[in-house]
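Hi,

Here is the structure I promised to pass on.

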Amino acid sequence: MAKQKKTPRPKAQTPKGFRDYFGAEVVERAAMLEAIARVYHHYGFDALDSSAVETVEALGKFLPDVERPNAGVFAWQEDEGEKPGDWLALRYDLTAPLARVYAQHKEDLPTPYRRYAMGPVWRNEKPGPGRFRQFYQCDADTVGAPSVAADAEICAMLADCLETVGIARGDYVVRVNNRKVLNGVLEIMGLDDQGQRDAVLRTIDKFDKVGSDGVRQLLGKGRLDASGAYIDGVGLTETQAEPVIAFLTSKGADAAETLANLRRAVEGSAIGAEGVDELEEIAALVAAQGYGQDRLEIDPSVVRGLGYYTGPVFEAELTFDILDEDGNKRQFGSVAGGGRYDDLVKRFTGQAVPATGVSIGVDRLLAALRAQGRAGADAVGPVVVTVMDRARMADYQAMVGELRAAGIRAEVYLGNPKNFGNQLKYADKRRSPIAIIEGADEQAAGMVQIKDLVLGAQIAESATLEEWKERPSQFEVPRADMVAKVREILSGTASE
């Protein structure tokens, strides 16, 4: 009889491009989401929790094909017997689902519809350092408002969100540009071929990496990249390329100078002039609310996303320095972006519906706060009530019940209580500030032992014998005073 093969055990590892989040990380993210939600709510936006699964058709950006229907998304086809079912996919952002929701429920929703949404999104893309296939987004959008006052409001709200979560004024700037200005530039260039216009857009999108000289080369014959490989250019003449360079380098000393430079760059284009007018209005509206150029600035170098947006586009950039992996200083960079996208809902309704919104990258924002030492501190664990006698579990549960009723996070040790040292090791691993001990002797005397684990660790690390005697880390108190003593220790005012 052949020997039966054992079923191999599954590997205990996360899939590539995903990660697990524990304790403090989850709490920090939840606190940040709550803080941002308060700002969104304060501005009059309502919460929306839409489905994490959409039809691929509704998502729109990634349409199914025969060979790879899930390009860019995690997709699968429903099994409906003989007839092929719909292709479904996990949402890749929170904006495409909003367009579907608005088109589906527009008769029941107010216009404009102002909503915010928070949650995970999934992208079937190649992962890399700090780039995961699942991450959180935190969006706010206004659908049905054609006025750029809606865009100005989003910019002001974005600044408020950054300051609310702990980014200091002076450590960030909200930068604003406008796709219509770029359209004016393309019009002046006289590019009628859509393929050539798209190539120019892709080249402009590389501005933050290669600079104006690199863009000029890529618009022309091409350039050598950092690896030595030659990148073919768009093939424009220097005269054709010059309006793009003038657009990208229009930023002046203040908003007035920048706007004047942009007007010269799009002179002769009606759509370009309209875009400059919108930027001027946004600058005036945010200034009227008290948001100066230290918080929001007109910046033509904001080019990421210009191929997607139809009007104003904005980006929140953190301006403080951090050290990269090689120990070199660099600015942290963008943590949020958004803009006007008037064509997205049209896919469902056939009619253009104005919309504008912003998406905050919560994980990047948390990383920024950690880089500044404003997040990532060790989380404090619960008070641990140790178990000295298995038969007295009800007594220990009564203790933990009193602590919880007093608003103190607490738990009873539920492992094997035979080895008391293991209970203290458990409390240490949980980063517990206090352990409570009540053995038979303490119970008979109506007392409990309260061990200050934080102070105990400090004393054990550096204190002399005399200091150890002067600063006891364990207190014996009447059982009735247990909650009061725990409160005293947690507040940092404990004394002998």
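Let me start with the cysteines. The sulfur of Cys161 has its closest cysteine sulfur in Cys138, 6.9 Å away, which is too far for a bond; a disulfide here means two cysteine sulfur atoms within 2.5 Å. (Buried is under 20% relative accessible area, exposed is over 50%, and partly exposed is in between, with a 1.4 Å probe and protein chains only.)

Before you go further, some housekeeping. This is a predicted model, where local features need pLDDT of at least 70 and side-chain atom pairs count only at pLDDT 80 or more, while totals for chains, interfaces and linings use all residues. Residues are numbered from 1 along each chain as its sequence is written, and side-chain values use heavy atoms, with hydrogens and water left out.

Now the overall picture. The protein chain has 18 helices and 18 strands, taken as DSSP runs numbered from the N terminus (helices are H or I with at least four residues, strands are E with at least two). Its radius of gyration is 30 Å, well over the 23 Å that the globule rule gives for 496 residues, so the chain is more spread out than a compact globule. That radius is taken over C-alpha atoms, and the rule is 2.2 Å times the number of residues to the power 0.38. The C-alpha trace spans about 95 × 75 × 55 Å along its principal axes. Of the 496 residues, 45% count as buried. Taking contacts (heavy atoms within 4.5 Å) between residues at least 6 apart in sequence, 66% join residues at least 24 apart.

Ala435 sits in strand E16 and is buried, at 0% relative accessibility. Ala435 and Ile450 are 15 residues apart in sequence, with their C-alpha atoms 6.0 Å apart in space. Beyond its neighbours within four places in sequence, Ala435 has contacts that include Val384, Leu424 and Ile450.

Glu438 is in the loop between E16 (434-437) and helix H15 (440-445). Is Glu438 buried or exposed? Buried, with a relative accessible area of 6%. Leaving out neighbours within four places in sequence, its contacts include Arg392, Arg479 and Tyr396.

Arg431 is partly exposed at 47% relative accessibility, and has a positive phi of about 60° despite not being a glycine. There is also a cis peptide bond between Thr111 and Pro112, with omega about 0°; Pro112 is in the loop between helix H3 (95-105) and strand E5 (113-122). For context, most residues other than glycine have a negative phi, and most peptide bonds are trans.

Last, helix H8 (residues 238-248). Its buried residues are Ala241, Pro243, Val244, Ile245, Phe247 and Leu248. They pack against strand E7 (172-178) and helices H5 (179-189), H6 (194-204), H7 (207-219) and H9 (255-265).

Cheers
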